[in-house]
Amino acid sequence: MKAKIYPYIMLLVVVGCISKEQNTQPSSAPDLVQYVDPMIGTARMGHTYPGATAPFGMVQLSPDTDTIPYAVNGKYTGDVYKYCAGYQYEDKTIVGFSHTHFSGTGHSDLGDFLIMPTTGELQLNPGTADRPENGYRSVFSHDDETAEAGYYKVKLEDHNITAELTATTRVGMHQYTFPASQNAHIILDMMHGIYNYDEKTTWAFIRMENDTLVTGYRSTNGWARTRTQYFAMAFSKPVRSYGFKSYEKHPYNGFWGRFDQKNNFPEAANEKIRAHFDFETEADEKIQIKFALSSVSTEGAIRNMQAEIPGWDFDAVRSQTQKAWNKELNKVTADAGSEGEMINFYTAMYHAFLGPTVYMDVDSQYKGLDQNTHTADGFINYTSFSLWDTYRALHPMFNILQPARNQDMIRSMLAHYDQSVHHMLPVWSHHANENWCMIGYHSVSLIADAIIKGNADFDVEHALEACIETANVRYFDGIGEYIDRGYVPEDKSRASVSKTLEYAYDDWCIAQIAKKLGKEDVYKEFMKRSESYKNVFDPKTGFMRPKLVSGEWVKVFDPLDTHWQGFIEGNSWNYSLYVPHDPATMIEMMGGKQQFSQHLDSLFSMKLPDKYFEHTEDISRDGIIGNYVHGNEPSHHVAYLYNWTDQPWKTQDKIRMILKAMYRPMANGLGGNDDFGQMSAWYLFSSLGFYPVAPGSDQYMLGSPSVVSATIHLENGKEFIVDAKNQHDKNVFVKKVELNGKVLNRRYITHEDIQKGGKLTFYMTNKPKK
């Protein structure tokens with residue numbers, strides 16, 4: 001029996017089950033979805049999720065494999081770190097399927113509205129991994145698990161139920177194939193969450209609108225401290241019975257005690273609610289669920305559902321979403337040389353296109369940073385800006401592959417600025433909240449990169465104002481001291497050297513915008529600030545080093561140690577190389593080209609003992625080569641620095657080594673957190689043979705492509721082709737490079753070179769050209 005759709009707002013003209021963000025690809029396009037393996041990165045440090053989502057989708061419908069809390073008795077539980085995406089490949093049980101997830105992050109939130117189908121005696125407790133029979137969770141096997149772009153399937157062994165998931169931009173769709181049962185249940189756990197703790201859900205509300213439609217919301221205080229998510233859930237079959245269990249006791253309950261609120265009572269409100277919906281099923285009967293999200297209201301969620309999935313054809317929704325993925329993947333058609341490398345390449349594209357995520361309803365309404373409802377006028381509003389990671393390569397890649405989306409992302413950041421009581425651009429923002437994670441004000445890098453590369457169909461004057469205001473908020477993270485002294489003192493603000501270096505780069509970005517807009521006074525001011533990196537370089541040790549307010553160097557200093565030696569998630573060996581906007585001066589400071597090249601050689605060849613990173617959560621042996629830490633972002637440009645020396649062939653050798661060591665087509669194939677696509681973007685750029693060392697510049701430094709060939713299909717209708725002649729695993733060196741048939745006598749290409757269309761030809765060899 002089909003669901004009774006809630007009689008709300010039928011003004012939308014429904015033209016299909018996929019939203020406007022998911023235009024489909026012509027049928028002639030090659031099937032590249034076959035090369036996407038969402039399981040890559042789901043083991044160990046990758047922190048990716050295997051479930052179903054649309055490109056840049058607001059819904060990330062994926063299995064969660066455990067319920068490790070963030071804290072117990074007020075103390076942080078380190079094991080929760082493994083569950084930033086809710087799923088760990090080594091686990092043997094699935095707790096259920098929740099609708100929001102981050103991809104590849106090193107901290108977390110979300111995990112909203114967990115659904116779990118069961119049979120037999122009703123159990124509302126999730127149970128434990130070692131005793132799954134004591135709860136609603138189920139054992140599963142990877143042999144009975146399938147993950148594709150836009151589709152996920154698994155057999156829940158304890159209940160003999162096959163679960164299938166797909167999604168549009170704002171709606172998740174479940175399909176559960178049940179055995180014959182008098183007692184079939186679908187659990188909705190509104191207490192579940194990622195990085196959960198006992199008081200995280202501050203309030204939840206649920207309504208049974210009719211026998212097929214449920215609505216509600218929950219508010220949480222987590223990484224985002226004032227986050228509210230609304231939902232609408234429709235069943236394909238009327239519910240036989242249902243119940244809501246509230247777990248938090250209150251001294252005052254008004255006059256609600258006159259009702260039996262546990263069984264077939266149509267609403268519940270509490271911090272902790274679990275719901276069950278009961279059915280009778282025949283053998284192999286399918287029950288479907290459509291689950292829509294909104295940041296604004298349950299009405300908004302219903303509108304999203306009606307617009308994106310008006311019917312009940314699961315296979316059609318899956319097909320349309322996979323066509324949408326194929327359209328995005330076809331922005332680059334590549335021959336990566338082997339099936340394994342094709343999987344690496346297109347899974348990296350898939351991971352790069354998971355976020356930032358759409359954050360508005362089909363009517364363009366969204367909740368803003370001020371907690372009010374706003375309308376995105378003429379742009380798609382996005383959220384989840386992991387900017388400390390993604391400014392380096394992901395957003396520069398969007399300026400090539402997703403220029404229209406990147407402009408909308410910047411418009412979204414400017415809306416954040418307009419709504420900010422601090423008058424700041426995002427630092428790390430998600431779901432109408434600033435969470436203040438990491439350092440720097442790297443929104444300015446995204447804005448500068450777009451403006452310098454001519455991808456700036458937004459108010460650039462307003463953007464420059466926002467950048468300047470952000471860079472002058474004195475009470476944020478040592479900026480006042482930085483402005484006054486030219487460096488951040490370690491005795492005033494920890495990770496002071498990292499902050500100084502990153503502020504200096506960001507200030508250079510602001511200077512580039514000012515220069516482009518003819519603001520000479522602003523240009524000079526921020527170019528002066530951009531030289532602040534010189535103030536934390538100690539010529540006696542040859543390393544960047546923390547300083548005190550007095551101007552003296554911190555006495556206890558070990559350049560190998562990652563544990564709060566003036567640096568965040570890194571050590572001085574790696575961070576001393578972070579002057580992306582002025583490598584030539586940095587190299588001279590460190591002794592000149594020959595000495596600097598030897599320094600880089602040592603970085604890659606030396607051994608970093610475990611004691612130097614054993615208490616740094618985001619660094620593990622998986623992501624380290626010598627003392628080079630690829631598993632974390634501050635070093636991502638480092639291998640390209642040989643291009644500023646007389647030994648550029650070492651860049652070529654190191655890039656190919658990193659590609660092979662850090663990216664493999666398997667569950668534990670990533671050398672660190674994918675960090676919302678930054679690790680994947682590094683792979684994509686580097687496998688194509690060039691990389692943006694300094695976003696905000698129009699230059700991409702050349703490396704050593706790993707692809708045989710690739711064609712970038714640009715939004716302006718032109719094509720840029722990369723061709724590697726004599727490509728082979730052993731031929732990692734570049735004999736010569738041609739651009740449009742002419743020898744290229746420089747170590748970079750420009751954004752204009754790409755946008756004009758043309759052909760970049762690498763002639764590969766097994767011997768370095770010295």
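Q: Is Thr761 buried or exposed?
A: Thr761 is buried, with a relative accessible area of 6%, where buried means under 20%, exposed over 50% and partly exposed in between, using a 1.4 Å probe and protein chains only. This is a predicted model, in which local features need pLDDT of at least 70 and side-chain atom pairs count only at pLDDT 80 or more, while totals for chains, interfaces and linings use all residues. Residues are numbered from 1 along each chain as its sequence is written, and side-chain values use heavy atoms, with hydrogens and water left out.

Q: Where does Thr761 lie, and what is Thr761 in contact with?
A: Thr761 lies in strand 40, residues 758–765, strands here being DSSP E runs of at least two residues and helices H or I runs of at least four, numbered from the N terminus. Leaving aside neighbours within four places in sequence, Thr761 is in contact (heavy atoms within 4.5 Å) with Asp723, Lys725, Lys736, Val737 and Glu738.

Q: Which way do strand 36 and strand 40 run, parallel or antiparallel?
A: Strand 36 and strand 40 run parallel and are joined by 6 bridges, two strands being paired if DSSP finds at least two bridges between them. Phe720 stands opposite Gly758 in strand 40, and Phe720 is also the bridge partner of Ile712.

Q: And how do strand 35 and strand 36 run?
A: Strand 35 (residues 709–713) and strand 36 (residues 719–725) run antiparallel, with 5 bridges. The two form a hairpin with 5 residues between them, and Gly717 in the turn has a positive phi of about 90 degrees.

Q: What lines the second largest cavity?
A: Among the residues lining the second largest cavity are Tyr391, Arg392, Glu633, His636 and His637, and the lining divides into 8 nonpolar, 2 polar and 2 charged residues. Here Ala, Val, Leu, Ile, Met, Phe, Trp, Tyr, Cys and Pro count as nonpolar, Asp, Glu, Lys and Arg as charged, and the others, Gly among them, as polar. A cavity is a set of points on a 1 Å grid over the protein atoms alone where a 1.4 Å probe fits but cannot get out, and lining residues have an atom within 4 Å of a point.

Conventions: 1 Å grid on protein atoms, 1.4 Å probe; cavity = no way out; pocket = protein on both sides within 12 Å on 5 of 7 lines; lining within 4 Å.
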